[in-house]
Amino acid sequence: METALPVTVSIFFAVAIYLMLSKHIIRILLGVAIFGNAVNLSIFTAGRVTREVPPIIPVELMTPDLPTANPLPQALILTAIVISFSFFAFLLVLAFRSYQELGSDDTDSMRVAEPEGEDLPPLGY
Amino acid sequence: MAVDPGKTVDMARAMVMEPVAAADWLVVAPVVIPLVFGAVILMLRHETKLHAWTAIAALAATLAANIGLLARVVENGPLVMTMGRWLPPFGISFAADALGASLALVATLVALVCAVYSISDIGAIGRRYGFYPFMLLMMAGVGGAFLTGDVFNLYVWFEVFLISSFGLLVLGSEHRQLDGATKYAILNLVATTLFLTATAFLYGIFGTLNMADIARKVDGLRDTAPLMTLGVMYLLAFGMKAAAFPVNFWLPASYHTPRIVTAALFGGILTKVGVYALLRTLVMLFPPELELLSGLIAWVAGLTMVIGIMGALAQTDLRRALGFVVISGVGVMMAGLALGTGEGLSGTIFYAFHSMIVMAALYLLAGVMNGVGGSYSMRTLSGLYSAHPMLAAFALLLMLAAAGLPPASGLWPKVMLVRASLDAGYPWLAFAILATGLLTTLALGRIFILTIWRPRAQESLAAPVSPRLGYAVLGALSLPIVLMGLYPDPFIRVAQLAAGGLLDAAPYIGAVYPEGAGQ
C-alpha cells in the first residue's frame, strides 16, 4: 500500500502536468482537477497509511485502547476537496462563459486583455 | 500502546482551561468583523444604498481592531488564541506577531480608503452583483492569512481571498475581464495547489502543521529530512503568488481588467500576502535553507525588479503600466528576503507597508485621471495640468514615492535595502535596486509628461466626473506616504521588531506554547 500510493500519485502528477501544458482551457481544467486529486492522495500518504482501527474511544476510557488510524489527514483532505471542488465548479463556469463570449477556448487566441499590435503612445509633443 | 482503563488523564495539560480574556479576542477581530459584515451585506442585497456605508463602517471597525492589536503586540509580544480548547499542536492557533499585525493594519487601511472611493466607482449593478460582500470576504481572507499560526489554515485563508478575488475580477463580465480572470484564476489555483503539495510533505515530515511547533522541531530533523525540497517548493508557490520574475505573467494579464477600485485593492494588497508567506515560511521555518537559496533569490529579485519596470516602460495603457510597477516592487521586497539579515528583512517589511499604500494610491490616481480625462490610454489623456493642478500635485507626490525619492515614503526602505545589500556582499543587488529607482522615475515620468504636461490634444468625448471624492481619497493616502517619508522612525521600529520576531522565533514559540504546556 505504501508503495502503491506514491506510484499512483506520481502518475496523477504526470497526467496533470501534461494536461495543464495544453493550450485548450478545458484540458487545462481537467489537469487542474487531477492535480488537486494528486495532492489529496499525497496528503493521505504523508499521514502514514496504517491498517488499524478508527480513532474511536470507548465510553469508559479517556484515551484510545489500541493504536488508531490518523484522522488528521482525512480532515485536511476533506477541507482540500471542498475547496478544490468549489474552485473547479467556478472555473468550469468561467471557461464556459469565456467560450461563449470570446468564441474560443484556445489560450493563444485569447488576446482581449492583452491585445496585440497596439499603437504606440506619442513620442513627442 | 495499551492504556490502563483506570488511568486518569490530566486534562489540564491537554486543554486550555482558563477562559479567554476579553482583550484577547482582538486576535480574531480583524477576521471576524469583515466576515460577519460581508454576510450581513449579502442578506441586504436588495438594499444597495446601504452597502457602501455598511462596508465602510465594517472596515473602520476592523481598522480600529487592527490598531489595538498592533499596539498590544508591540507592547507585550506575540498574542495567541487557540481554537477549540485543545492546546497546540492539536488545537489550531491564531498568532499575531508584529509582522502579521502591522501588515494586516496597513492592508485594512488601504481597503478602507478603496471602499470610500468605490462609492463613485461601483454603480448599482456592481453592488447588486455583490461587490461589497466580495470585498469584505477578501479582507477576511487576507486578515486570516496574516494572523494564522497554522500552515494548513494559511492555505485555507489563501483560498478564501482567492475565490473572493475571482468574484471581484469578473464583476461586470466584460470580454477582457473574462479573458483576464481565466488566466488569473487558473494560474493562481495552480500556485495554491503547489502550496498544498508542499504542505502535504511538510506534514509528512513534521507530523504537525503548527508554525511554532515546526520552528521548534526543525533543528532536530535537519540531518534527515528533505527540507531543501520543501523550501524550494514554498519559494516557487509563494513566488508565483507574489508575481516574482519567471512566474509573474498572470499579473499584467489580469490586473488591469477589473474596476479600478478592484485593481487598487489587488495591486496594493494581494501580492504582499505572497511576500508575507515567503517571509514566514523561509525566514522563520527554514533559515539555513534560505541561506543556501539566497543566491537564487537574489537573482530572482534583481530580474523581477528590472524586467518588471522595463515592462512598465513599454506600456501605453496606464493600468497595465501600473501592473508592471507592482511586479518591480515585489522584486525589491524579495531583495531583502535574499539577504536574510535583520536590516534587509526590516527593509523588506517597511517596503511592503510603503508599497501597499503607494500602489493602491497610484491605481486610484489612474481612476481619477480616467474620471476627468475619459481614458486610461496615454495616447488620449493629455493636458490634465491646466484643468486639474491638484491632480498633478498628487500625481507628482505618488510618482516620487514609487520611485523612492524624497520627501515621500519610498526613500527609507530603499536606503535600508541598499545598505543591507552592500553589508551582505551583494553590491550588484544594491545597484539593481538603484537602477530600478531610476527606471521607475523614467516610466512614471513618461506617464506624467504625457498625461499631465502635454498640451491638450483633443477634447475627450466622455463627460468628466467631478474629482472631489478622488482628491479626498488621494489626500487620505498621501498622509501616511508623507509621514513615512518625513518621520520614518516609528515605521522603521515596527519593521525592525517584525524582522526580529522572524529571525528569533523564541517569543513566538513561547506565546504559542505557554510554560511548556502540550509538550
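Q: What is the handedness of the crossing in which α17(B) passes α20(B)?
A: In this predicted model, α17(B) passes α20(B) in a left-handed crossing. A crossing is called left-handed if the near helix is turned anticlockwise from the far one by less than a right angle, and right-handed if clockwise. Helix α17 covers residues 389-403 of chain B and helix α20 residues 468-486 of chain B, and their axes come within 11 Å and cross at roughly 35°. Axes here are lines fitted to C-alpha atoms, for helices over the stretch in contact, with angles running from 0 to 180 degrees between N-to-C directions.

Q: Which residues of α17(B) meet residues of α20(B)?
A: Contact means heavy atoms within 4.5 Å, and B:M390, B:L391, B:F394, B:L397, B:L398 and B:A401 in α17(B) meet B:Y471, B:L474, B:G475, B:S478, B:I481 and B:V482 in α20(B). By class, this contact of α17(B) with α20(B) has 10 nonpolar, two polar and no charged residues, where Ala, Val, Leu, Ile, Met, Phe, Trp, Tyr, Cys and Pro count as nonpolar, Asp, Glu, Lys and Arg as charged, and the others, Gly among them, as polar.

Q: Why is B:T451 called buried?
A: Buried means under 20% relative accessible area, exposed over 50%, and partly exposed in between (1.4 Å probe, protein chains only). B:T451 has a relative accessible area of 0%, and therefore counts as buried. This residue is found in helix α19 (residues 427-453) of chain B, and its contacts, leaving aside residues up to four places away in sequence, include B:L318, B:M369 and B:L384.

Q: What makes B:P133 buried?
A: The relative accessible area of B:P133 is 4%, so B:P133 is buried. B:P133 lies in helix α6 of chain B and touches B:G38, B:I41 and B:L42, not counting residues up to four places away in sequence.

Q: How do you know that β1(B) and β2(B) pair, and which way do they run?
A: Two strands pair if DSSP finds at least two bridges between them; four bridges join β1(B) (residues 79-82) to β2(B) (residues 93-96), and these strands run antiparallel. Within this pair, B:L79 stands opposite B:A96.

Q: What is the confidence in chain B?
A: pLDDT is the predictor's confidence in each residue, from 0 to 100, and chain B has a mean of 90, with 96% of its residues at 70 or more.

Methods
Residues are numbered from 1 along each chain as its sequence is written. Chains are lettered from A and ligands numbered from 1 in the order in which they are written. This is a predicted model: local features need pLDDT of at least 70, side-chain atom pairs count only at pLDDT 80 or more; totals for chains, interfaces and linings use all residues. Side-chain values use heavy atoms; hydrogens and water are left out. Helices (H or I, at least four residues) and strands (E, at least two) are DSSP runs, numbered from the N terminus.
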